[in-house]
Structures are given as C-alpha cells and as structure tokens.
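Welcome, and please open your viewer.

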Amino acid sequence: MNPYLKFIEDIQAGVESAKGITVSGETAPVESDRKVLLFSPHPDDECITGLLPLRLMREAGMQIINVPVTFGSNVERQPGRAKELADACAYLGWHIRERSGFQNLGKDDIVAILKAEQPEIIFVPHERDWNSRHIATHFLVMDALSEMPNDFSCTVVETEFWGAMDDPNLMVEGDAQLVADLIAAISLHVEEVARNPYHLSLPAWMQDNVRRGGEIVGGQGGAVPDFTFATLYRLRQWENGQFCQILESGKMISMSDKLKEIF
C-alpha cells in the first residue's frame, strides 16, 4: 500500500469537512501612529495577502487600515461586498478607510489618503498580478506616489496572488494560528467563497510559496527554510520621489524573528 495515500485522503477529508464551517467574532482594532495601508483591488484581497500585515499588527503593534480601491464590478453586489469586508476586517482587528459610496478610487483619492494617513508601510499588488484590476491598482498607487511631495517616504510591499512575481525578495512565515485566522476572515466574504471556496486552498498556496521562495528568495540551489506556510512579497522603499532598494539580497522572516527589529 502506498504510505502517502492516507496523507492525501486526510487532506481531502479536511477540505470536505471545512466546507461546512462558519465563523463570527471581532478583534479590538489596534490604534497606533505607526500605520500600514493596504490598497486592495477587491474586497477579500486584504485577507489573501494579509499574512505580513497581521503579523505587523500582532507583533509590532502597528495599525492596519484597509483601503478598498473598488468593491468589484458587479454593482448589485457592491453593498454586500462592503458588508463582508467590514466583517472580515473586524474579525482581524483591522480598520477600513472611511469613504462614501462605492465608486472606484482615483489617483487624487489615493494622494489624499497618503497625505492624511502618512503611512510607514503600504501594500499594493505588483505590476504583473494578471487580474486587470490588480494591475490597475498597482499603477494607480504608483501614479499617486509620484504626486507626493519629495519628503514623503514609506516602505512599499508588493503582493502577488493571480500572477506570481519573478523577483520577490521577502518570504514571511506563518504558523497554523495565523493561517487559520486568515482563512476564517476570508470565509466571511460569504458570497465569494460560496461560488469558489478559495479560502480552503490558502494553506496549499502558502505551502507552494515556501517551495518557490526557498529558491527565488533564498537563491537557486540554496537551503529551503523549515517553513510550512509562507507568503512572498517584494519590499522596496519610496523616498525622494523614487524607489530604492533596502534589501541587499532575499530575506526570509521566520516566526521566531522579531518584527519590531525589522520594521
């Protein structure tokens, strides 16, 4: 008998049993002068790529503010998606940047948000993240950054989901609790996961990130860290009106690393 059969059957059984799980609850949001903005193309992107923001809040006490750039293209679903987003962010203890209506944000809106919030870190999809709205969000935020005064600076963390980056330079480990919390938050985008239960494939995606990151971030042929789950990012600094590199080589952040000393 193939000894891996039970391993695979346990995965199948786990996914099937998790389809019936529902969650609820809220976490008290962290208030801090150290702010992190998540420029999310759609409601749910904040959770999918949210491993590092969640660790920054829990380990470094930073305030996480999600900025919904759109509420999706289905106008009839926009109020429902806004409610699901509120539930998901409340579950994680994240703020949502207040706005009126469901119109897509434009460059001037992003500039105004950056000036008002003065974030230390922003998250945005990378320029080749396949989905047209993800790509548009990337260039929207880049255009906004170019409009900021020269003395504005922040760390820019680029994310991936639909299209993998060729050159991520940061791999962040997640433990079982963090991954479970992200899955729970994604599940609160109820109608979205009803048509595609992608929250249940998050662990597999994060396992594959370890495989890719071990080589692409760590270097071809290098030793792969003993992570089970991870998310890949590209970390750069925006200052004096342009990007500059802040990592000399790929960096891997384990659960034992102290984020307060890194960010």
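## The whole chain

Begin with everything selected: of the 263 residues in the chain, 51% count as buried. Keep in mind as you look around that this is a predicted model.

Now colour by secondary structure, and you can pick out 10 helices and 9 strands. How does the radius of gyration fit a compact globule? For 263 residues such a globule would have a value near 18 Å, and the chain has 18 Å, so the two agree.

Next, display the contacts between residues at least 6 apart in sequence: 80% of them join residues at least 24 apart.

## Inside: the cores

Which residues have the most contacts inside the largest nonpolar core? Select Leu52, Leu56 and Phe123 to see them; the core they belong to has 44 residues. Then highlight helix H7, residues 176-187, which gives this core its largest share, 7 residues. As a general rule, nonpolar side chains in soluble globular proteins tend to be buried together.

Go back to Leu56 and zoom in. Setting aside neighbours within four places in sequence, Leu56 is in contact with Val36, Gly61, Met62, Ile121, Phe123, Leu259 and Phe263.

## Outside: surface and charges

Select Gln118, in the loop between helix H5 (107-117) and strand S4 (121-125). Its phi is near 45 degrees, a positive value in a residue other than glycine. Gln118 counts as partly exposed because its relative accessibility is 45%, which lies between the 20% and 50% limits.

Last, move to Asn240, in the loop between strand S7 (229-239) and strand S8 (242-244). Here too phi is positive in a residue other than glycine, near 55 degrees for Asn240. Is Asn240 buried or exposed? Asn240 has a relative accessible area of 55%, so it is exposed, the cut-off being over 50%.

Definitions and conventions:
Residues are numbered from 1 along each chain as its sequence is written. This is a predicted model: local features need pLDDT of at least 70, side-chain atom pairs count only at pLDDT 80 or more; totals for chains, interfaces and linings use all residues. Side-chain values use heavy atoms; hydrogens and water are left out. A nonpolar core is a set of buried Ala, Val, Leu, Ile, Met, Phe, Trp, Tyr and Cys residues joined through side-chain atoms within 4.5 Å. Buried means under 20% relative accessible area, exposed over 50%, partly exposed in between (1.4 Å probe, protein chains only). Helices (H or I, at least four residues) and strands (E, at least two) are DSSP runs, numbered from the N terminus. Contact means heavy atoms within 4.5 Å. The radius of gyration is taken over C-alpha atoms; the globule rule is 2.2 Å times the number of residues to the power 0.38.
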